[in-house]
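Hi,

Here is the structure I promised to pass on. Have a look at it first, and then read my notes below.

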Amino acid sequence: MARVIVVTSGKGGVGKTTTSASVSAGLAARGHKVAVIDFDVGLRNLDLIMGCERRVVYDFVNVVQGEATIKQALIKDKKTPNLYVLAASQTRDKDALTQEGVERVIDELKADGFDFIICDSPAGIEKGAQLALYFADEAIIVTNPEVSSVRDSDRILGILQAKSRRAELGEAVKEHLVLTRYNPARVEAGEMLAMNDVVELLSVDLLGVVPESQDVLQASNAGTPVILQEGTDASEAYKDIVARFLGEEKPQRFLTVEHKSLFRKLFGK
Ligand SMILES: Nc1ncnc2c1ncn2[C@@H]1O[C@H](COP(=O)(O)OP(=O)(O)OP(=O)(O)O)[C@@H](O)[C@H]1O
Ligand SMILES: [Mg+2]
């Protein structure tokens with residue numbers, strides 16, 4: 001049975017699309033059939049981060065409005081087998097998505113044998129974000145270690161447990177936390193919230209911590225989910241997150257400042 005996962009945050013620009021791309025690619029690389037849907041109508045970011053923007057002919061809105069079939073609109077990823085992208089429309093108005101239309105797309109993907117349907121939510125707590133979370137069985141809450149981000153995540157958690165379909169049926173939506181853009185030096189300096197504070201404030205199970213890293217921007221410029229990089233901290237962090245999501249036990253990493261020795265500073269090793 002397919003699991004529908006919304007990647008959401010409330011606050012904008014915290015790393016939802018980065019996380020959607022990497023978690024989707026990571027699950028597919030481990031043999032699961034994954035569809036990732038860009039709910040951010042008007043912005044179209046996911047296809048850029050996944051490097052398939054030139055191959056978008058039909059998009060999510062076309063399918064919702066009956067102008068294309070899901071098969072016509074799904075883009076098969078070139079790097080990772082089992083991974084398919086449903087891009088957002090760049091030009092249509094934000095009201096182009098309807099609840100009935102979204103339900104039809106999700107039901108078709110379930111019937112097509114997808115194991116995971118990942119919904120990359122737009123920012124905010126209004127209609128677009130509510131539509132992205134409505135059909136979710138589980139949610140990945142993406143938060144940065146700062147008060148405004150935690151506050152907005154708390155608000156979206158409230159909406160998730162009140163206004164999603166599962167909530168209407170009296171069922172819980174399973175919540176997972178991804179704490180990203182974590183900078184241990186700034187945490188030590190008291191400029192950012194520490195992991196434990198965020199986990200305590202939100203009281204959601206932590207899937208993992210992704211460090212602040214230039215590698216994320218490099219990956220997105222290259223159109224490759226950062227998880228596919230070899231041996232960078234950000235890619236390792238996302239690989240851990242996928243493993244924990246699949247139920248494996250892994251100790252948390254990337255929480256402390258790496259103090260470079262004088263030797264390493266002088267010789268760059
Ligand atoms: N761990 C990280 N380290 C450094 N930069 C990051 C990290 N994660 C994300 N970013 C950067 O933050 C910016 C926003 O990321 P992203 O687009 O994934 O956020 P979003 O939550 O989807 O934004 P929006 O709300 O606009 O949809 C991008 O420039 C991305 O490269
Ligand atoms: Mg986004």
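One term before we start: by a polar contact I mean a pair of N or O atoms within 3.5 Å, where within protein one must be able to donate a hydrogen and the other to accept it, and residues adjacent in sequence count only if both atoms are side-chain atoms. Also, this is a predicted model, where local features need pLDDT of at least 70 and side-chain atom pairs count only at pLDDT 80 or more, while totals for chains, interfaces and linings use all residues. Residues are numbered from 1 along each chain as its sequence is written, chains are lettered from A and ligands numbered from 1 in the order in which they are written, and side-chain values use heavy atoms, with hydrogens and water left out.

Now to D47 and R44. Their side chains make a polar contact of 2.6 Å. D47 sits in helix 2 (46–49), and R44 is in the loop between strand 2 (34–38) and helix 2. (Helices, H or I of at least four residues, and strands, E of at least two, are DSSP runs numbered from the N terminus.) Is D47 buried or exposed? It counts as buried, because its relative accessibility is 0%; the cut-offs are under 20% relative accessible area for buried, over 50% for exposed and partly exposed in between, with a 1.4 Å probe and protein chains only. R44 is buried too, at 15%.

Both residues also touch E53. The side chain of R44 reaches the backbone oxygen of E53 at 3.4 Å. Not counting residues up to four places away in sequence, D47 touches C52, E53, V56 and A87, with contact meaning heavy atoms within 4.5 Å. On that basis R44 is in contact with D38, E53, V56, A88, S89 and Q90.

D137 is another charged residue to look up. You'll find D137 in the loop between helix 6 (127–134) and strand 6 (138–143), and it is buried, with a relative accessible area of 18%. Its side chain is joined to that of R166 by a polar contact of 3.1 Å. Leaving aside neighbours within four places in sequence, the contacts of D137 include A2, R3, V4 and R166. I117, counted that way, is in contact with residues including A2, R3 and V4 as well.

I117 brings us to the nonpolar cores, which are sets of buried Ala, Val, Leu, Ile, Met, Phe, Trp, Tyr and Cys residues joined through side-chain atoms within 4.5 Å. The largest has 53 residues, and I117 is among those with the most contacts inside it, together with F60, L86, L97, V105 and L109. Apart from that one lies another core of 36 residues, among them V23, M50, V56 and V242.

Next, the open spaces. On a 1 Å grid over the protein atoms alone, a cavity is a set of points where a 1.4 Å probe fits but cannot get out; a pocket is an open set with protein on both sides within 12 Å along at least five of seven lines, and lining residues have an atom within 4 Å of a point. Grid points are joined across faces, edges and corners, and a volume is the space filled by probe spheres set on the points.

- The largest pocket has a volume of about 510 Å³. Of its 25 lining residues, G13, V14, G15, T18 and R181 lie nearest the centre. Helix 11 (214–222) gives the most to this lining, with 4 residues.
- The second largest pocket holds about 270 Å³ of space. Its lining includes Y182, N183, P184, D233 and F254.
- T18, A21, I49, V216, A219, S220, T224, P225 and V226 line it, and helix 11 gives the most, with 3 residues.

Finally, helix 11 itself. At its start, a side-chain oxygen of S213 reaches to within 3.0 Å of the backbone nitrogen of D215. Q214 lies in this helix and is exposed, with a relative accessible area of 61%. Just after the helix, G223 takes a positive phi of about 70 degrees.

Cheers
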